[in-house]
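Okay, thanks everyone, I've got one structure to walk through today.

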Amino acid sequence: MRIYTGRGDDGMTDLGNATRVSKTSARIEAYGTVDEANALVGTIRPTGYDDVDETLSAIQNHLHIIQADFASPGTDGSDTDGEGEAGGDLTRIREEHVDQLEEWMDEFDEELDPLDSFILPGGGESGARLHHARTVVRRAERRAVALAADDPINEEAIVYLNRLSDALFVFARVVNRRDGEREESPTY
């Protein structure tokens with residue numbers, strides 16, 4: 001199998017159902033931005049903390065599922081067989097994936113002091129990259145919402161992206177704390 005096909009040379013690309021669309025379509029923007037977020041999360045590992053790395057690895061797999069989900073038009077994520085399969089052949093992000101994110105956030109948040117103000121994104125290398133990933137996930141969420149305005153998509157994917165940006169914020173704080181990095185509040 002060759003990596004290059006030349007099929008995209010005219011500014012068009014194939015979706016999962018073989019439909020050809022412009023590379024500037026809302027669907028391509030949505031799953032392309034999820035891909036960007038996934039690649040960015042990949043640059044963060046290894047953090048030096050096995051629990052964080054295992055969590056990020058699972059998240060990368062979830063993001064890959066969202067990419068495939070968004071690349072498959074004509075499906076809204078409705079669960080037809082109770083196994084997370086819509087249309088019988090595509091794994092979907094489900095409520096249990098969101099629940100898992102919330103569980104991870106709650107576990108990691110136990111290490112942290114409560115926030116009493118905003119903090120500036122930054123810290124050590126892994127912490128700063130987690131903050132950066134959080135902002136790319138927020139953009140992916142905005143792209144997904146824009147796509148959903150015109151095309152049915154799995155709404156649980158939007159919920160997942162929303163929750164993931166919160167989770168990455170918590171993970172950034174945890175990694176920075178473990179690394180001995182000080183949190184800075186903005187000055188107004």
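I'll start with the overall fold and then go into the core.

So, first off, this is a predicted model. What's the layout? We've got five helices and four strands, and if you read along the sequence they come in the pattern β-β-α-α-β-β-α-α-α. The radius of gyration is 18 Å, close to the 16 Å from the globule rule for 188 residues, so the chain is as compact as a globular protein of that length.

Contacts next. Take the ones between residues at least 6 apart in sequence: 70% of those join residues at least 24 apart. And 41% of the 188 residues count as buried.

Okay, the core. The largest nonpolar core has 46 residues. Which elements give two or more residues to this core? That's α1 (26-44), α2 (50-70), α3 (95-109), α4 (125-150) and α5 (155-178). The largest share is from α5, with 12 residues.

Within that core, Phe70 and Phe171 touch the most other members. Let's zoom in on Phe171. Skipping its neighbours within four places in sequence, what does Phe171 contact? You'll find Thr55, Leu56 and Ile59, then Trp104 and Phe108, and also Leu130.

The accessible surface is about 10,200 Å², and carbon and sulfur atoms make up 47% of that. On charge, I get 19 positive and 40 negative side chains, with the centres of the two sets 8 Å apart.

Technical notes:
Residues numbered from 1 in each chain as written. Predicted model: local features only at pLDDT ≥ 70, side-chain atom pairs only at ≥ 80, totals over all residues. Heavy atoms only, no water. Core = buried A, V, L, I, M, F, W, Y, C linked by side-chain atoms within 4.5 Å. Buried < 20%, exposed > 50% of the residue type's maximum accessible area, 1.4 Å probe, protein only. Contact = heavy atoms within 4.5 Å. Rg over C-alpha atoms; globule rule 2.2 N^0.38 Å. Areas by Shrake-Rupley, 256 points an atom, 1.4 Å probe, with all protein chains shown as cover. Lys, Arg positive; Asp, Glu negative; His and termini not counted. Charge placed at Lys NZ, Arg CZ, Asp CG, Glu CD.
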